[in-house]
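This briefing concerns a predicted model.

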Amino acid sequence: MAQDGGEVSEMGGADIRRPPVDAFDLLEAISDGFYALSSGWRFTYVNRHVERITGRSRDQLLGLNVWELFPHAVGSDFWQAHQDVMRERRPIEIRTRSMAVDRSVAATLKPTADGGICILFRDLEDELLAKARLDTTEAQLRLVLESTNDGFFAVDADWRFVLFNAACEKFFGRPREEVLGRQLWDVISVARGTEIQSKLEAVVASGEPAEFDFPSVVAPGRTIEIHAAPMAGGGLAILFSDVTARKQAEEALAASEARLRDITDAMPVLISYVDAEERFRFANAAYEGRFRRPREQIIGRTLTEVFGEALYKDRRPFVARALAGEHVTYEVEFPRGEEVLTTLVEHIPHRAPDGRVLGFYSLVQDVTGLKSAQAALQANEQALRELNETLERQVAARTAELAESERRFRGIFDSALQFMALLTPEGLVVEVNQTALRWSQIRPADIVGRPFWLASPMRDNPELQAAIESGIRRAAAGQVVREEHVMRGAGTVVATVDFSLKPVTDEAGQVLWLVAEGRDISELKLAQEQLRQSQKMEAIGQLTGGIAHDFNNLLTIIRSSADLLRRHDLEETKRRRYVDAISDTADRAAELTSQLLSFARRQALKPVVFDVAERIREITRMIHSVVGSRIRVETELTDAACYIEADRSQFETALINMAVNARDAMDGEGRLTIGLRRAYHVPRASRRGGGEFVAVSVADTGHGIPGDQVERIFEPFFTTKEVGKGTGLGLSQVYGFAKQSGGEVAVESAPGEGATFTLYLPLTDKQPDAGPAPARAGALGPASRRARILVVEDNASVGEFARQLLHDFGYETVWASHAAEALERLENDGAFDLVFSDVVMPGMSGVELAAELRKRWPTVPIVLTTGYSDTLADQGAQGFELLRKPYSVEALSHILRRVLH
């Protein structure tokens, strides 16, 4: 043992020294860490704080190499400080992160006389955490001051602003940059010399906080509550808020309490409130009459003082239960003069938010008369039982009636011709009739309880399922939904169904059920289509005379030009002019034929987006032929874009029918005006409701329509024409087209003033559907190679002409008069480079021939040609190249070169 230098021991080759006793006690008592290291980096001393933060005892640490114990600290700032003190023998102070104990520390490192070093360090974690908390608190305080609706500002000892929150900016209407540093009384000059200034100066003088209310000098009519408190070092912190609403609420509460007091005073029941000390804190006027003393002598007194011990002793147990938190009801007899009253007493506990019982409300009601009534009631019980038995018999009879009504309902429900189902507002099936079950060949168990949109008619059709689910949502919102859908029945049965959903509501308008109905309208749709075709045929009949006239005019030009071309002395310029006239006239004839065939084509309604103005311009050419030369046709078309989504053929038919009707109304002479504009108002509500419409009008200068016939003119087969001069289907087609397209048709007329028919159709923002790209004419000239072409044409003249034309192009040609002959030549005459076939032929059509060639000779290209074909009208060219008749030499040359190369 060493005498003044502490104890010395050997451990692992290191000197273990203990400081003198006084120093040891001091080092053990301090909250900082202290340890000593030998020149070989071994612990020679550690205090209790080091033991605590390392989790090792002193005996475990002494003699250990600090860097072997904490190898992860090597290379850190703290390690480098140890190295510098050990090497340079000078003290160092450092604030760093100790990698050894993984904490922030402030350390003092000093060399020791024995060649080692000692380290005193202080744990900064709590200090840093406290500072972070302080910073957080300050930030939160700033956030609170800035986000609060109450104004808060502070002034220094000279009454100059040092703090001014956002609420102050809003209240005073000034930004803080303009206010900070300025004196309070300069900024709020209206408060100078007022009681507000006196109150604030009194707070400064007394050094005590204060609060007070003032009418606002900044916002007249408002009441401001001010909390002012002195700040250390001088100045004031002031919090103010607008308490106008609170003051008004307090006044309203006081008025409400007064009304409540008036109400309780008017009630013939004793109403009181008793606190936990059994003292009356409230009593209504009935207490004055019962106890014959003013309520001021009751409020503030105990129950014993008011009732007397004799009366109160029977009530004491019930009072104790009420103050224990129990809702108590009991009867007690109360003497009043010579009579004894029976009273029903009810004690209702009043609890604090933490559950403590603060007292109870007491209601005392005279039930003496009620007791007498109970006796009379008991006397009537037998009569009531007899009445109940009678009622039970009546209920049984009514139940039987309801069962019969249910059977009748079920009979009607199941025998209905349309499909019916009862749904919940969520779309789950509750009931389904036999008609629907038979049509779908399913059982009730297959559908009841399941979503209706997953039922058999909607199977394997996600688009239909989504439409039905959407309809259910709209019906559940109160709408009546009616739509047409194609649904599947049993097996391969497919039908067009008129489908509807109707909500069933209670008296309050709440939707209880949905009724789903469906009707197979496939035959009706077929009849409608036949009616449309009849209407179109009538319009075609109207066109026949005009078209024949136009064709005769065109044939006159062709015949005359051909005759002139036979002259031998004809100049070259005139010869070229006549040839061009024949070519141009043939193009006009082809265009007229194309319009007529397109107009007459029979097909299902196919809505497309098209430009109404463009269609009117095209069809006006045909209308000129229909109405004759004595009727002047004028158009008044808006420049605004007018696009609709409807069946183009039906639109043209409707326009022709309106023009024919106008022609007949003018007896073949007058002015017909076709107008086009946008409209926001429709005379009669359409199926689609509001929105912007395209209005197409046809006005005439005819004799007008009598008032008694205006409502009937759209009826099918109604006509004012002579027998044999009209079927009455023309205007009914216009009406049907308008309704099917979501629009309306209106008529304005008066006898002798002509008539105006206006067709309203919904405007769409979609762009018109792109039509087929026109064929680009290629350069004329001989073929680049001598290809072999099979020409299939049943008309000998046309076939010979086509063969000769192709021969002039340099092609080798073979002609077949029908499809069977063409197949035979392909089998026997060797390979062909191309097949050029007409579409309309007896037996196998050109399209069927092309399909057969594609299967048997897939490498042989095929070009079809036709003037018109029902097959192509309904199904298209099915991927084959198509050349429309009449075709030009340029068009034929171009398509052959493109296909062969």
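Helix α25 (residues 819-828) packs against helix α26 (residues 846-856) at an angle of about 20°, and their axes lie 11 Å apart. Because angles under 35 degrees count as roughly parallel, α25 and α26 are described as roughly parallel to each other.

**Helix pair α25 and α26**

- The crossing in which α25 passes α26 is right-handed.
- On the α25 side, the contact is made by A819, A822, L823, L826 and E827; α26 contributes L849, E852, L853 and R856.
- By class, the residues of this contact of α25 with α26 comprise six nonpolar and three charged, with no polar ones.

**Burial of strand β3**

- Strand β3 (residues 33-37) is largely enclosed by the rest of the structure, because five of its five residues are buried.
- In a regular strand, side chains alternate between the two faces of the sheet.
- In β3 both faces are covered: G33, Y35 and L37 are buried on one side, and F34 and A36 are buried on the other.

**Pairing of strand β3**

- With strand β7 (residues 117-123), β3 pairs in the antiparallel sense over five bridges.
- Within β7, L120 is the residue that stands opposite F34.
- Strand β4 (residues 43-46) also runs antiparallel to β3, and three bridges join the two strands.
- A36 has Y45 as its bridge partner in β4.
- The hairpin of β3 and β4 has five residues between the strands, and W41 in this hairpin takes a positive phi near 65°.

Conventions. Residues numbered from 1 in each chain as written. Predicted model: local features only at pLDDT ≥ 70, side-chain atom pairs only at ≥ 80, totals over all residues. Heavy atoms only, no water. Axes fitted to C-alpha atoms, helices over the stretch in contact; angles between N-to-C directions. Helix = DSSP H or I, 4+ residues; strand = E, 2+ residues; numbered from the N terminus. Parallel < 35°, antiparallel > 145°, perpendicular 65-115°, else oblique. Left-handed = near helix turned anticlockwise from the far one by under 90°. Contact = heavy atoms within 4.5 Å. Nonpolar A, V, L, I, M, F, W, Y, C, P; charged D, E, K, R; others polar. Buried < 20%, exposed > 50% of the residue type's maximum accessible area, 1.4 Å probe, protein only. Pairing = 2+ DSSP bridges.
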